[in-house]
Amino acid sequence: MKMSSLGLTFLTLPLVVQASTAGLWCYDSQDPKCGPLYWKDITKSCGGDNQSPINIDRRKTQRDRSLDEISFEGYDQAPAGRWKLVNDGHTVTMNLDGASAAEQINITKGGLQDTYQALQFHFHWGDFNKNGSEHTIDGRQYPMELHLVHMNTKYKTLSEAKGHPNGLAVLSFLFKVSEMDNTNYNTIVAGLKNISRAETSVDLASTFPLSNLLPNTDSLSKYYRYKGSLTTPGCEEVVVWTVFEEQIPISKPQLNAFVNTLYFKTAAKLLKMTNNFRPPQPLKSRKVYASKDATISRSPPLAANFLFPLLLAFLTGQLSGLC
Ligand SMILES: *[C@@H]1O[C@H](CO)[C@@H](O)[C@H](O)[C@H]1NC(C)=O
Ligand SMILES: *[C@@H]1O[C@H](CO)[C@@H](O)[C@H](O)[C@H]1NC(C)=O
Ligand SMILES: *[C@@H]1O[C@H](CO)[C@@H](O)[C@H](O)[C@H]1NC(C)=O
Ligand SMILES: [Zn+2]
């Protein structure tokens, strides 16, 4: 996930300048020399033991029946005022924190100990031929991923929240390709062409209920929960992650609008903003919990897909040796 509030900029800038003469972090699609493998040299925490994203192996998740329905407050109303869509040089972000306190959008319950306020949402995607989600499920990567970033209302500022392991809660939704356009995404997709260049923004003509962006309401009780980090430097390990099982449908042309319209922030030449995802990080000693209604294991994990043919080949080899 990507946070680009002032708090983060001020916090990380001195670190970056100190640690790296090669410049700021980037994705491999921009320049492998500052890609995800090198982030830990820029910011130590990117090499920590609780990093995100991860692969969710559904055979290894643990059922937690206290993970019930999340309460979405203010998700079904279009707030008054304007939303600003920003190309920040790494992704497309919609800032939500402009609303008045009365219109604050929150999540609570679903195993969350506190109330978390929505700050912004943004996306990660691939290119014309490759999927680009950050989280994978049973080894499968999806075409795109939506992150809705929320801050614990116990804390006053983003930088304060980043000092605590429960400081942020991010909702993650994976996408699937559908035949028909998802018309709920029309406003965002139409806005992309106004922010082709890095560090440009556009005020969208209208706000809309955040719930428009999500899959069917009755699927939202199926999710996976684990403790992790921001998926961009500084990689702070302060995020309670919720990865939903049900995917958001989006058409190929809508997906291609992300792949083909936007440009990274690069000094030398214009570079299409593609493959802006961090690959899965080691789970280490962490556990992934499955909500009350989530699927624990449907398809065999990727390893079985590899190992079974190997085993078969081995047995066949043995047999042919016998004949
Ligand atoms: C979100 O939480 C804040 C603080 O607890 C509250 O004032 C606000 O009314 C909540 N928003 C909604 C839509 O319930
Ligand atoms: C990419 O996404 C598509 C659509 O969801 C899926 O069918 C396919 O298996 C994915 N490819 C990989 C390599 O994970
Ligand atoms: C966005 O771009 C379109 C043309 O691509 C233009 O007609 C429209 O006025 C722009 N909107 C804003 C708010 O700049
Ligand atoms: Zn993200």
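Two strands are said to pair if DSSP finds at least two bridges between them, and strands (E, at least two residues) and helices (H or I, at least four) are DSSP runs numbered from the N terminus. In this predicted model, local features need pLDDT of at least 70 and side-chain atom pairs count only at pLDDT 80 or more, while totals for chains, interfaces and linings use all residues. Residues are numbered from 1 along each chain as its sequence is written, chains are lettered from A and ligands numbered from 1 in the order in which they are written, and side-chain values use heavy atoms, with hydrogens and water left out.

The protein has six helices and 16 strands. Of its 323 residues, 50% count as buried, meaning under 20% relative accessible area with a 1.4 Å probe and protein chains only. Where contacts (heavy atoms within 4.5 Å) link residues at least 6 apart in sequence, 76% of them join residues at least 24 apart.

One open sheet consists of three strands in the order E1-E8-E9, with mixed pairing. Its edge strands, each of which pairs on one side only, are listed here.

| Edge strand | Residues |
|---|---|
| E1 | 55-56 |
| E9 | 140-141 |

Strand E8, residues 136-137, runs antiparallel to E9 and is joined to E9 by two bridges; Ile137 has Arg140 in E9 as its bridge partner.

Ligand 3 is surrounded by Lys193, Asn194 and Val202, each having a heavy atom within 4 Å of the ligand. Taken alone, ligand 3 exposes 360 Å², of which the protein buries 30%, the areas coming from the Shrake-Rupley method with a 1.4 Å probe.
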